[in-house]
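Biologist: Please take a close look at the aromatic cluster in this structure. Walk me through it, then through what lies around it.

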Amino acid sequence: MSFPTQRPRRLRRNENWRRMVRETSLSVDDLILPLFVVPGEGVRNPVTSMPGVFQLSVDEVAKEAAEVHALGIPAVILFGVPHDEDKDPEGTEAYNPGGLVPQAIRAMKKEAPDLLIWADVCMCEYTSHGHCGVLTPDGEVENDPTLDLLAQAALAYAQAGADAVAPSDMMDGRVWAIRESLDDEGFVDLPIVSYAAKYASGYYGPFREAAHSAPAFGDRRAYQMDPPNVEEALREVELDIEEGADIVMVKPAGPYLDVIWRVKEAFGLPTAAYQVSGEYALIKAAAERGWVDEQRIALESLVGIKRAGADMILTYFAKDVARWLGGK
Ligand SMILES: [Zn+2]
């Protein structure tokens, strides 16, 4: 019998002991901040369901890039949010080389050349129907014709200076289509961050306000993953790796820690996790009511995601975390 010879409490008695035996550490190096770009100038629209998050015009997002870089955060991920009148059934603005995201990338690179800019690649912010691909006459999202449009969008972002492209649409074969188009145009060294296991989740609600991307009809269950499945997530990840993904992502993060763990265990690739808008909003809302301690819960949620196996985390808390950890 090991008790009382073994007393694990001995190494928990003060902060110095706890620091020495701590198994997981969260640092600013792990963080990617999502940013939303809108048309106009001098625009900082608060997203009401995500306190502290703003839709930013190109000039404002460039200033934000400088601030994010000064906080030591290594990367951001960009989402374009065009006016409704600029949306059409084919999502043309997604692959317009002069569109919002390419403009933002160029402006951000001037203000913060060393900040890594990931460009999210999807159609749903740009299509009039709000789905992640083009539709058949009876309203089904068509896989193969969408691939070419995604590849064009990724290329437009690469040409504008993006440091990575991140397809989030969940069409089959998109990583391969994007890799081929990037390679053909000389972007052989540009990484692809694949949203490999993206679930059809209720936790995306606030994002849809931020990105104006709610589908006009139906939902995304015919292409995003079914929440109860994990073996299927491993197949999705394996396919994306075969197609050329450099980093694989699990989204959402908090309710899918087992998926993160299984993916990291099975493949060992750099693994990202997206702490999505609903995860953020729940913490914010409870903290506003004084029901939880925001800083403590946010840090605990993020260290849990790391402990599960994530190497990096996309989170709306990125700037707060940088300040909390840096004492700024
Ligand atoms: Zn989408």
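Modeller: One aromatic cluster is formed by F36, F79, Y195, F207, Y274, Y280, Y316, F317 and W324. A word on the source: this is a predicted model, in which local features need pLDDT of at least 70, side-chain atom pairs count only at pLDDT 80 or more, and totals for chains, interfaces and linings use all residues. Residues are numbered from 1 along each chain as its sequence is written, and side-chain values use heavy atoms, with hydrogens and water left out.

Now the pairs. The structure holds 10 aromatic pairs. Rings of Phe, Tyr and Trp (its six-membered ring) pair if their centres lie within 6.5 Å; planes under 30 degrees apart count as stacked, over 60 as edge-to-face and the rest as tilted.

Take F79 and F207, one of these pairs. Their ring centres are 5.1 Å apart. Their planes stand at 80 degrees, so the pair is edge-to-face. F79 lies in strand β4 (residues 75-80) and F207 in helix α6, so the pair ties together parts that are 128 residues apart in sequence. Helices (H or I, at least four residues) and strands (E, at least two) are DSSP runs, numbered from the N terminus. F79 is buried, at 2% relative accessibility. F207 counts as buried too, at 11%. Here buried means under 20% relative accessible area, exposed over 50%, and partly exposed in between (1.4 Å probe, protein chains only).

Next come Y280 and F317, with ring centres 4.6 Å apart. Their planes meet at 55 degrees, so this pair is tilted. Y280 lies in helix α9 (residues 277-288). F317 lies in the loop between β10 (312-314) and α11 (318-326). The pair therefore ties together parts that are 37 residues apart in sequence. Y280 is buried, with a relative accessible area of 1%. F317 is buried as well, with a value of 0%.

K251 lies over the face of F207, at 5.3 Å from the ring centre. K251 lies over the face of Y274 too, at 4.4 Å from that ring centre. A charge sits over a ring if NZ of Lys or CZ of Arg is within 6 Å of the ring centre and within 35 degrees of the ring normal.

Follow the chain on from K251. A cis peptide bond joins K251 and P252, with omega about -5 degrees. P252 lies in the loop between β8 (247-251) and α8 (257-267). Most peptide bonds are trans, and most residues other than glycine have a negative phi.

Two residues have a backbone angle to note. M170 is not a glycine, yet its phi is positive, at about 70 degrees. M170 sits in the loop between β6 (164-167) and α5 (174-184). M170 is buried, with a relative accessible area of 5%. H212 has a positive phi near 45 degrees, and is also a residue other than glycine. H212 is found in the loop between α6 (205-211) and α7 (231-243). H212 counts as partly exposed, at 45% relative accessibility.

Last, the metal site. The zinc ion is coordinated by C122 (SG), C124 (SG) and C132 (SG), at 2.2 to 2.3 Å. Donors are N, O and S atoms within 2.8 Å of the metal (3.2 Å for Na, K and Ca); water is not among the atoms, so sites may look incomplete. In sequence, the donor residues are spaced C-x1-C-x7-C. Both C122 and C124 are buried.
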